[in-house]
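Here are my comments on the model. Please keep the structure open while reading.

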Amino acid sequence: MADADWPVDLRGVTETVVTTLGPNERWNVAALGVHAPADPDAVATARTWGQTRTRRNFADRGEGYVQFTADPETFARAALTIVEVDDPILDSADAWARAAVERRDAGQDGDIEWIDWALTPIESTVACRTVPTTNRGYGAVIEATVAASRLDVDAYDRRALESRLSYLADVIETCGGPAECRALAVIRESVEW
């Protein structure tokens, strides 16, 4: 199968939602930061932390569906809860790429093992073209999910993360719309601060 292109331009770390097929033949949904290659001829990469379902499924299956969505609730659920679905492509995906994954590097950060994966698109689709908008509430949802996911990691200062979450919750409530507020509810249901 010939390699495809990414359906979007990757820049810096692009936050995505990935689905990977688990041993129960269901698709696990998780957040995944995709690192754009510095060199146009290089491949994109992603890092998994700890013994996650995504890490296991990448190792066992060698692929996943990297999805690009502007839906903050989908992202919050993927980042902070366990979600399994029957189909690999989410209804909220604006574009997606089925990507082959290959382990590139691994290491430890404190007690947590990390693995770097090379991601090569095999096929891709753009399902929806939208006019980009900037919403501070949406950005705050993404940042809040990162902070929330680190609350129980010893390497991070919990009080600083809780303060950041409180600030971000205020931004979401002030600047976000109904979708961002639903995402904030997911975050509050998933972690205590």
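The points below go from conventions to strands, helix, rings and cysteines.

1. Conventions. This is a predicted model, in which local features need pLDDT of at least 70 and side-chain atom pairs count only at pLDDT 80 or more, while totals for chains, interfaces and linings use all residues. Residues are numbered from 1 along each chain as its sequence is written, and side-chain values use heavy atoms, with hydrogens and water left out.

2. Strand pairing. Helices (H or I, at least four residues) and strands (E, at least two) are DSSP runs, numbered from the N terminus. Two strands pair if DSSP finds at least two bridges between them. Strands β6 and β7 are antiparallel and share 14 bridges. Their hairpin has 2 residues between the strands, and Gly110 there has a positive phi near 65°. Across this pairing, Trp96 faces Thr125 of β7. β4 also runs antiparallel to β6, with 6 bridges between them.

3. Arg98. This residue belongs to strand β6. Its bridge partner is Tyr65. Arg98 counts as buried because its relative accessibility is 14% (buried is under 20% relative accessible area, exposed over 50%, partly exposed in between; 1.4 Å probe, protein chains only). What does the Arg98 side chain make a polar contact with? The partner is the side chain of Glu63, at 3.1 Å. A polar contact here is a pair of N or O atoms within 3.5 Å; within protein, one must be able to donate a hydrogen and the other to accept it, and residues adjacent in sequence count only if both atoms are side-chain atoms.

4. Helix α1. Its buried residues are Thr54, Arg55, Asn57 and Phe58. They pack against β1, β2, β3 (44-49), β4, β6 and β7, where contact means heavy atoms within 4.5 Å.

5. Aromatic pairs. Rings of Phe, Tyr and Trp (its six-membered ring) pair if their centres lie within 6.5 Å; planes under 30 degrees apart count as stacked, over 60 as edge-to-face and the rest as tilted. The count is 4 aromatic pairs. Phe58 and Trp117 are edge-to-face, because their planes meet at 70°, with the centres 5.3 Å apart. This pair links distant parts of the chain: Phe58 is in α1 (residues 53-61) and Trp117 in β7 (residues 112-126), 59 residues apart. Phe58 is buried at 1% relative accessibility, and Trp117 is buried at 4%. Tyr65 and Trp96 make a tilted pair, 5.5 Å centre to centre and 55° between the planes. Here too distant parts are linked, with Tyr65 in β4 (residues 63-68) and Trp96 in β6 (residues 95-109), 31 residues apart. Both Tyr65 and Trp96 are buried.

6. Charge over a ring. Arg47 sits over the face of Trp114, 3.7 Å from the ring centre. The rule asks for NZ of Lys or CZ of Arg within 6 Å of the ring centre and within 35 degrees of the ring normal.

7. A backbone point to check. Most residues other than glycine have a negative phi. Glu25 is not a glycine, yet has a positive phi of about 65°. Glu25 lies in the loop between β1 (13-21) and β2 (27-35).

8. Cysteines. How many disulfides are there? The count is 0, with a disulfide defined as a pair of cysteine sulfur atoms within 2.5 Å. The sulfur of Cys181 is too far for a bond because the closest cysteine sulfur, in Cys175, is 10 Å away. Cys181 is partly exposed, at 34% relative accessible area. Cys128 is also partly exposed, at 36%.
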